[in-house]
Amino acid sequence: MRVGLFVTCLVDVMRPSIGFAAIRLLEKGGAEVYVPPQQTCCGQPGYNSGDRVGAKALAAKVVAEFEGCDYLVAPSGSCSGMIKTHYADLFRDDPALLRRAAALAAKTYELTGFLVDVLKLDAVPGSLSATITYHDSCAGLREMGVKRQPRELLAKVAGLKLAEITGCETCCGFGGTFALKYGEISTRLADNKCQDIAASGADAVVLGDLGCMLNIEGRLRRRGDAKTRVLHVAEVLAGESG
């Protein structure tokens with residue numbers, strides 16, 4: 001099985017360790033991982049901001065780079081959701097590209113969804129002696145149907161305990177450009193999330209989207225919380241959470 005890994009812009013620039021953790025997990029499941037060296041952005045920022053021309057160009061590039069793979073996997077519900085859910089809208093007036101995008105969308109997965117539902121991963125290399133709570137990112141949950149999969153995998157991590165929070169499915173306030181356009185609302189949502197995390201007594205919050213991670217960690221630190229760790233689920237599962 002040849003799996004194309006869509007690394008994502010944020011992972012590439014801000015936290016490459018997530019990408020390497022994803023590769024380790026995919027290879028453990030028996031996949032041959034291919035990382036197109038010229039990959040860039042899925043087009044989501046432009047799409048959300050109304051730049052359909054720019055977004056379409058980037059989307060066409062993604063289709064061309066990954067359509068030869070058996071699957072496309074991303075350590076992000078947001079980027080995988082863009083490809084699986086919104087490319088059809090971008091190419092609705094281009095029948096040829098629409099067909100190709102639809103074929104790619106059908107084999108596009110968020111990382112934990114792929115590990116559980118396709119690779120049927122029965123063990124993970126990670127161990128972490130800590131109590132964690134899990135934040136469900138909006139796109140991963142609502143566009144990719146990712147809910148049980150990360151929890152099933154985290155249950156296999158030696159030493160880890162999960163303490164759920166009431167608002168685990170509530171937005172952290174990031175939402176890409178939403179955080180810039182509606183700063184006050186975003187901050188309030190992030191504060192609510194931080195309060196829920198603190199109330200859980202968890203040592204760390206684990207999640208599947210780096211954008212949400214940066215938003216939550218930034219708000220935790222501004223609120224004076226220097227102890228609560230913010231970890232990507234791939235890092236925890238792969239044993240690369242430090």
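Me: Which strand and which helix each supply at least two residues of the lining of the largest cavity?

Reply: Please keep in mind that this is a predicted model, in which local features need pLDDT of at least 70 and side-chain atom pairs count only at pLDDT 80 or more, while totals for chains, interfaces and linings use all residues. Residues are numbered from 1 along each chain as its sequence is written, and side-chain values use heavy atoms, with hydrogens and water left out. On a 1 Å grid over the protein atoms alone, a cavity is a set of points where a 1.4 Å probe fits but cannot get out, and lining residues have an atom within 4 Å of a point. Helices (H or I, at least four residues) and strands (E, at least two) are DSSP runs, numbered from the N terminus. Here, strand 5 (127-135) and helix 8 each give at least two residues to the lining of the largest cavity.

Me: What is the volume of the largest cavity, and which residues line it?

Reply: A volume is the space filled by probe spheres set on the grid points, which are joined across faces, edges and corners. For the largest cavity the volume is about 90 Å³, and the lining includes Y134, H135, D136, G140 and L141. By class, with Ala, Val, Leu, Ile, Met, Phe, Trp, Tyr, Cys and Pro as nonpolar, Asp, Glu, Lys and Arg as charged, and the others, Gly among them, as polar, this lining divides into four nonpolar, five polar and three charged residues.

Me: Where does S76 lie, and does it count as buried or exposed?

Reply: Buried means under 20% relative accessible area, exposed over 50%, and partly exposed in between (1.4 Å probe, protein chains only). S76 lies in the loop between strand 3 and helix 5, and it counts as buried because its relative accessibility is 5%. Contact means heavy atoms within 4.5 Å; not counting residues up to four places away in sequence, S76 touches T8, E110, G208 and D209.

Me: What is the volume of the largest pocket, and which residues are closest to its centre?

Reply: A pocket is an open set of grid points with protein on both sides within 12 Å along at least five of seven lines. The largest pocket has a volume of about 760 Å³, and of the 32 residues that line it, Q44, S78, F174, G175 and G176 are the closest to its centre. Its lining has 18 nonpolar, 12 polar and two charged residues.

Me: Which residues of helix 6 are buried, and why are they on the same side?

Reply: An α-helix has 3.6 residues a turn, so residues three or four places apart point the same way. In helix 6 (residues 95-105) the buried residues are L97, A101, L104 and A105. They are on the same side of helix 6 because they cover an arc of only 100° around the axis, the arc being that of the directions from the helix axis to the C-beta atoms. The face turned away from the buried side of helix 6 carries the exposed residues P95 and R99, whereas the buried residues pack against helix 4 (52-66), strand 3 (71-74), helix 5 and strand 4 (108-110).

Me: How many residues has the largest nonpolar core?

Reply: In soluble globular proteins, nonpolar side chains tend to be buried together. A nonpolar core is a set of buried Ala, Val, Leu, Ile, Met, Phe, Trp, Tyr and Cys residues joined through side-chain atoms within 4.5 Å. The largest has 47 residues, and those with the most contacts inside it are L26, L115, L154 and L237. Apart from it lies another core, of 19 residues, among them F6, F66, Y87 and L97.
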